[in-house]
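Visitor: I would like to learn how to read a structure one feature at a time. Please take me through this one.

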Amino acid sequence: MQPLYVLSMLCAAVAVAHWLAQTRIGRPIGGAILVILIFAALANVGLVPTASTATPLYGQILGVGAPVSIFWLLLGVRLTTLRQAGTPMLILFSLGALGTMVGVFVAGKVTGAADWLGEWYGPLAGMYSATYIGGGANFNALASHYDFFETGNLFAATTVVDHVLTVVWIALLLLLPKLLTPLVGRGSVPEPTTEPTTPDLPDQRLTMGSLAVLLALGFAAHTASVWLSGQLGEALGFGVPSIIILTTLALVLAQVPAVTRIPGAQTLGMYGSYLFLAVLGAYCEAAALMETGRIGLLLFLFVGLALAIHGVILFGAGLALRLPPAMMAVASTANVGGSTVVLPMVQSLGRRDLLLPGVLVGAVGNAAGTYLGFLMVRLVT
């Protein structure tokens, strides 16, 4: 399909989801979940590409659009939000990583994965551990190391189950804080009394001038962060995640009054988050999951159980520590989806103060996930 056609459908899905979220029926669901459902439906009936027929446009939105949207939102973040939420977020994220490791280990034992996966049990357990600690890049790193790509149908099934259950889990995380907050309150960590945007701006609406400046800043910062990541990697001998560099650039610019007075950054960031969620919906491919047959069902059970245990440990510990349910959801999002998926989560929950802590712990997970994935391989083989 033509990229412009796919882009028009993405934009239409965002517009419909936003409109539905203002109605009496759609308001309890929320625009974030609605845009996932709408675009997943379009993909599964063949109106837009799915994961198996993915257009390069999807990769550009996931790889460029999401980080740039994070950059725009961080232009209005106060550094005090990191002090308020940084340590609790790191605690929750660490508990989530532990929950993932325990979940994958227990799921393997309960489902008897060693029997139906054979020699590939260890690599697969490591891949799922890695991806649900720091995001998809870690999944691919382990798959490449163990030549898992050569397994054909098994790799396809593994990928499909990962995509589908990641989307399902993110949708659940969008709902859980709304269900838990009335029961347990908002936790012991105080929420900011104002939105983490510059408070003295008379007008936050986009103008022609502000749009031009924000686009230039966003894409220039992303380009610089990718280039610097490569240069630092060569100089230091180890990789420096580009998201860390992009975050740093945004925070430095956010201290410049002339930059913080540019209106519309939050609007652009939110729009980018909805496009990102729509693309995630396209990866929820029902037909591909059906084609995987028995192995797909077993993988579905394996991963579903692992994620459930991850959630029980993270949310159980978070409730015991009286931390806000929204913070738990963002920490789990950083584990399961990585830094870029934090963006739509904090937007949907109305907690943009958690964006910076969430992005930072997501970057930690991206750095540590591969190593912990290799550790899981050793533990189960």
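Guide: This is a predicted model. Start with its nonpolar surface patch, to which helix H4 gives the largest share, five residues.

Visitor: Which residues make the nonpolar surface patch, and about how many Å² does the patch cover?

Guide: The patch comes to about 570 Å² and is made by Leu98, Val102, Phe105, Val106, Val110, Leu375 and Leu379. Two elements give two or more residues each: helix H4 (80-111) and helix H17 (355-380).

Visitor: How does helix geometry bear on such a pattern?

Guide: An α-helix has 3.6 residues a turn, so residues three or four places apart point the same way. Take Val102 as one member of the patch; Val102 sits in helix H4.

Visitor: Is Val102 buried, partly exposed or exposed?

Guide: Val102 has a relative accessible area of 31%, so it is classed as partly exposed. Patch members need over 30%. Thr111 is also in helix H4, but Thr111 is buried, at 14% relative accessible area. Beyond its neighbours within four places in sequence, Thr111 touches Trp116, Leu301 and Phe302.

Visitor: What does the overall count of secondary structure come to?

Guide: The chain has 17 helices and zero strands. Of its 381 residues, 53% are buried. The accessible surface of the chain is about 16300 Å², and carbon and sulfur atoms hold 69% of that area.

Visitor: What share of the contacts with a separation of 6 or more joins residues 24 or more positions apart?

Guide: That share is 81%. Gly65 belongs to helix H3 and is partly exposed, with a relative accessible area of 25%.

Visitor: How many residues of H12 are buried?

Guide: In H12, 15 of the 18 residues are buried, and the helix is mostly covered.

Visitor: Which residues of H10 are buried, and which helices do they pack against?

Guide: The buried residues of H10 are Ile243, Ile245, Leu246, Thr247, Ala250, Leu251 and Ala254. They pack against helix H3 (56-74), helix H9 (208-236), helix H11 (257-260), helix H16 (339-349) and H17.

Visitor: Helix H9 has come up. Which backbone atom does the side chain of Ser210 reach?

Guide: Ser210 is in helix H9, and its side chain reaches the backbone nitrogen of Thr207 at 2.8 Å. Ser210 counts as buried because its relative accessibility is 5%. Apart from neighbours within four places in sequence, Ser210 is in contact with Arg205, Ile262 and Pro263.

Visitor: How should I read charged pairs?

Guide: Side chains of opposite charge can pair when their charged atoms come close. A search of the whole structure finds one salt bridge. Asp353 forms a salt bridge with Arg351, and the closest N and O atoms are 2.8 Å apart.

Visitor: Are Asp353 and Arg351 buried or exposed?

Guide: Both Asp353 and Arg351 are buried.

Visitor: What should I look for in the backbone angles?

Guide: Most residues other than glycine have a negative phi, and most peptide bonds are trans. Asp147 has a positive phi, near 55°, and Arg322 has a positive phi near 60°.

Visitor: Where are Asp147 and Arg322 placed?

Guide: Asp147 is in the loop between helix H7 (136-145) and helix H8 (153-184). Arg322 is in the loop between helix H14 (293-320) and helix H15 (325-337).

Visitor: Why is Arg322 called exposed, and why is Asp147 called partly exposed?

Guide: The cut-off for exposed is over 50%. Arg322 is exposed because its relative accessible area is 51%. Asp147, at 40% relative accessibility, therefore counts as partly exposed.

Notes
Residues are numbered from 1 along each chain as its sequence is written. This is a predicted model: local features need pLDDT of at least 70, side-chain atom pairs count only at pLDDT 80 or more; totals for chains, interfaces and linings use all residues. Side-chain values use heavy atoms; hydrogens and water are left out. Patches are made of residues with over 30% relative accessible area and no salt bridge: like charges are joined within 9 Å, nonpolar side chains (Val, Leu, Ile, Met, Phe, Trp, Tyr) within 5 Å. Accessible areas come from the Shrake-Rupley method with a 1.4 Å probe; for residues, only the protein chains shown count as cover. A salt bridge is a side-chain nitrogen of Lys or Arg within 4 Å of a carboxyl oxygen of Asp or Glu. Helices (H or I, at least four residues) and strands (E, at least two) are DSSP runs, numbered from the N terminus. Buried means under 20% relative accessible area, exposed over 50%, partly exposed in between (1.4 Å probe, protein chains only). Contact means heavy atoms within 4.5 Å. A polar contact is a pair of N or O atoms within 3.5 Å; within protein, one must be able to donate a hydrogen and the other to accept it, and residues adjacent in sequence count only if both atoms are side-chain atoms.
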